Amino acid sequence: MSGNRASSALAAWLVAATFVVAWAPSADGDIWWHLAAGREMVRTHGLLWTDPFSSGAAGRSWIDVHWLFQLLAYAVYAAGGLAALVVAKGALVAAGAWVLRAAIIDAPAARTAAPLFSVALVTALFFARPLLLVRPVIPTLLLVAIFFRRLEAFRRGAPPRALLWLPLLQILWANLQGLFALGPALVAAYAAGAGLALVVAQRWPAVASNEAAGSDALTGALRFRWLAVCLALCLLACLLTPYGLRGPLLAWQLLLRLIPGGGNVYSANIAENVPPWSLSLAARISFWHLRWFLVFFAGSFLIARRRLVVSHCLLGAALVALAILANRNILLLYWLGVPIAVFNFAPAFESARAGLRGWKRGRRWVLAGAAALPVGLSTVAVIAALREPTIRQPTPWRAPVQSAAILDQQPGPGTIFAADNYGGYLIWRLYPRFRPYMDTRLVLRTADEFTEYLALADDPDSFDAWEQRFHFDYVVLPTAYPDRYRALIAHLYGNETWTLIFTDGTETLFARTSATTATGVDLAQPETTDAILGDLTARFGQQPRLHQAARLQLAILELTVGSLAEAARAVVGLDSPDADIIRAHSRLGLDDAPGARAIAQGLLRADSDDVQALDLLAALALQRGDVTETVAFLKRALDVDPSDADATRMLEQLERRDRKAQ
């Protein structure tokens, strides 16, 4: 009875812990156009077949495979706002974790490894928290868990009725998210395993017995047929959407966009599609745990050896391949990789438990240490959740909340050029009066259009001629998250065609000068800096971490537009490497090269891999005309962070200068 109580307590802990791990405000730009689509479908009492929201793709055919998710998400939002969406996200993640645990508990050979599964899954999800966004992937996690449990039950000898629900669930899945192809893929892996077991049954009986654990070997052919029928029905179910064959074709198109390559603009420039080892240094650091999970995952297969299950091997290989293709798939790897690894570890785990029973002297200490793991994980998860901003509002700086509020007071209608990750929120807040040119529904865009759009940030001088084709009324760009628009911000700030009518340092709102009566924001004036700092203190004064980040963004904006003295004033009193590098850049721009060098050298003494300090020292060396030292610093910076944009830009400038000299 005590064992049952312990098992129930562990299950309750798993559900509660995964719910807490998923507790974070909405940081995803996609959720806003999902909500806008749900609202529009409710308003018009019909599906959306063309794009009604943007100015750049208006009227184009839209295969909206997320339509059911959008209606459900809008219903949840209407009932309780963003907070209800976050709670629903946590509930779905917790439900999926419970289903995955049931797959472990249902397997007699793995039942004793349930504690390992619970601890490993909560740990993995905690590290993958940035990927647990309010978006359609969350119901996909639950459906993946249900498919996995049903297929595992059938593999272990459950009757065919274990598969009956899968085609019906596949219909639901195909109308929720573009990842619905995972359903047939899961069934196909188990069908392939069953088929291989038939082929090698005589030569390698161990492989066949592992694949059909708990089943009579004589029923192997029948098992394969049932899985093949289930696969066929799931594939057919994928067509049961308003879009027919176009839905699966879109899913295939989205998969191709994940394949890295020189010509794939989507893989190289959409942050979540970039392979994890091609990310910037800061982003790679946030995924430091991936290599250790891969060691844990691969180690489980090495330990299993003769007990390997073919379907698990196929799934494991596919999950690792997807995670290597695009960092967004790391969440799927952790979600399904943990139970697969636990199945592999289960016999060794049971042997360790048996050995522990005979080790009376140390058993208590080992058990106490094992019991401390859930307590420690719970504590860390709760602290992380408490440090999050309120779930009733978007994550700070991921949506143009302030600019949208100001635009809402402007006479409309109008068109807006904005960062693509801002487009969804602008649609949600301002449609139909205002329409952004671009948002994150890149299925509506060709590769050439997206390349052209990205070039505007990389070559802002081209913006003026390009913009004449569309004649935008407003421009809304972020200082950071992402930071690729800073050069364009500087270009607009110095252009008489545009007037900066609002900034809080984190977002910038420009209006066409000829069409606005608003007074421009002069970032060179101390009064402007003081006013913005006062506003930031009022908003974030009780949250020191956010307050400091907001002040740093203001300083970066002022550096970007050339207000060097004000940039230094914005970080007065801040003690951090980021604040120091801003002071150094300010001094460099104000012709205090020795002061800038002293700060950079101090940062480098504290951290020899400080990329920003290396870049600054390279700039100082270039200013002195010392090309050799410049190149040496830049190479050191690129050794630390191969994606360092500043170092790459300076090297390209040197190469262009050398070519001209020749």
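**Exercise 1. Find the ring over which the charged end of Arg257 sits, and then the ring over which that of Arg441 sits.**

Solution. Begin with the rule, by which a charge sits over a ring if NZ of Lys or CZ of Arg is within 6 Å of the ring centre and within 35 degrees of the ring normal. The charged end of Arg257 is placed over the ring of Tyr266, at 3.7 Å from the ring centre. For Arg441, the ring is that of Trp62, and the charged end sits 4.7 Å from its centre.

Before going on, note that this is a predicted model, in which local features need pLDDT of at least 70 and side-chain atom pairs count only at pLDDT 80 or more, while totals for chains, interfaces and linings use all residues. Residues are numbered from 1 along each chain as its sequence is written, and side-chain values use heavy atoms, with hydrogens and water left out.

**Exercise 2. Classify the aromatic pair of Phe19 and Trp23, and then that of Phe470 and Phe472.**

Solution. A pair of aromatic rings is described by the distance of the centres and the angle of the planes. Rings of Phe, Tyr and Trp (its six-membered ring) pair if their centres lie within 6.5 Å, and planes under 30 degrees apart count as stacked, over 60 as edge-to-face and the rest as tilted. By this rule there are 34 aromatic pairs. In one of them, Phe19 and Trp23 lie 6.0 Å apart, centre to centre, with 55 degrees between the planes, and this pair is tilted. For Phe470 and Phe472, the centres are 5.7 Å apart and the planes stand at 20 degrees, so this pair is stacked.

**Exercise 3. Decide whether Phe470 and Phe472 are buried or partly exposed.**

Solution. Buried means under 20% relative accessible area, exposed over 50%, and partly exposed in between (1.4 Å probe, protein chains only). Phe470 has a relative accessible area of 28%, so Phe470 is partly exposed. Phe472 has a relative accessibility of 1%, so Phe472 counts as buried.

**Exercise 4. Describe strand 4 and how it pairs with strand 5.**

Solution. Helices (H or I, at least four residues) and strands (E, at least two) are DSSP runs, numbered from the N terminus. Strand 4 covers residues 498–503, and six of its six residues are buried. Two strands pair if DSSP finds at least two bridges between them, and strand 4 pairs with strand 5 (residues 507–512) in the antiparallel sense over five bridges. Within this pairing, Trp498 stands opposite Arg512 of strand 5. The hairpin has three residues between the strands, and in it Gly505 takes a positive phi near 90 degrees.
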